[in-house]
Amino acid sequence: MSIDWAALGQVFGVTLAVTVGIVGLFTVGIVGTARKPQPEGGAVAVAAPGTGARAGAVTAFALCAAAVAYGIYLIVAA
């Protein structure tokens, strides 16, 4: 029995990249939903995130869900 080390390295690399990407997208979604607008009287130099942050979070969660659904499809289709 011999091990194809090149194929094993490719699988490891792709798995690592996809895992980091999905975790990063989920983190962006969490950060986007965690931000809350500042109160009206708040003297903050940075503008509070509005619907753009919420839309980015929803998009990030949708991409995570699509990646999970694609993975399930690949497992079930086999």
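This is a predicted model: local features need pLDDT of at least 70, side-chain atom pairs count only at pLDDT 80 or more; totals for chains, interfaces and linings use all residues.
F61 is partly exposed, because its relative accessible area is 27%, a value between the 20% and 50% cut-offs.

**Stop 1: around F61.** You are now in helix α2, where F61 is found. Which residues does F61 touch, once its neighbours within four places in sequence are left aside? Show the side chains of F26, G29, I30 and T33, and you have its contacts. Along the sequence, V28 and F61 are 33 residues apart, but in space their C-alpha atoms are 8.6 Å apart.

**Stop 2: the two helices.** Zoom out and colour residues 5-34, which form helix α1, and residues 51-77, which form helix α2. Turn the model and look for the handedness of the crossing: α1 passes α2 in a left-handed crossing.

**Stop 3: the contact.** Select I22, L25, F26, V28, G29, I30, G32 and T33 on the α1 side. Then select the residues they meet in α2, which are A53, R54, A57, A60, F61, L63, C64 and A67. What kinds of residue make up this contact? They divide into 12 nonpolar, three polar and one charged.

Look along either list and you will see gaps in the numbering. An α-helix has 3.6 residues a turn, so residues three or four places apart point the same way.

**Stop 4: inside α2.** Pick out A57, A60 and C64, which are buried residues of α2. What do the buried residues of α2 pack against? Their partner is α1.

With 27 residues at 1.5 Å a residue, α2 should span 39 Å, and its end C-alpha atoms are 38 Å apart, so the two values agree.

**Stop 5: across to α1.** Select L25, which is found in helix α1. Is L25 buried or partly exposed? L25 counts as partly exposed because its relative accessibility is 28%. Not counting residues up to four places away in sequence, L25 touches A60, L63 and C64. Draw a line from the C-alpha of L25 to that of G56: the distance is 9.9 Å, for two residues 31 apart in sequence.

Next comes G24, also placed in helix α1. G24 is partly exposed, with a relative accessible area of 30%.

**Stop 6: T51.** Finish at T51, which is found in helix α2. Is T51 buried or exposed? With a relative accessibility of 70%, T51 counts as exposed.

Methods
Residues are numbered from 1 along each chain as its sequence is written. Side-chain values use heavy atoms; hydrogens and water are left out. Axes are lines fitted to C-alpha atoms, for helices over the stretch in contact, and angles run from 0 to 180 degrees between N-to-C directions. Helices (H or I, at least four residues) and strands (E, at least two) are DSSP runs, numbered from the N terminus. A crossing is left-handed if the near helix is turned anticlockwise from the far one by less than a right angle, and right-handed if clockwise. Contact means heavy atoms within 4.5 Å. Ala, Val, Leu, Ile, Met, Phe, Trp, Tyr, Cys and Pro count as nonpolar, Asp, Glu, Lys and Arg as charged, and the others, Gly among them, as polar. The expected span of a helix is 1.5 Å times one less than its number of residues. Buried means under 20% relative accessible area, exposed over 50%, partly exposed in between (1.4 Å probe, protein chains only).
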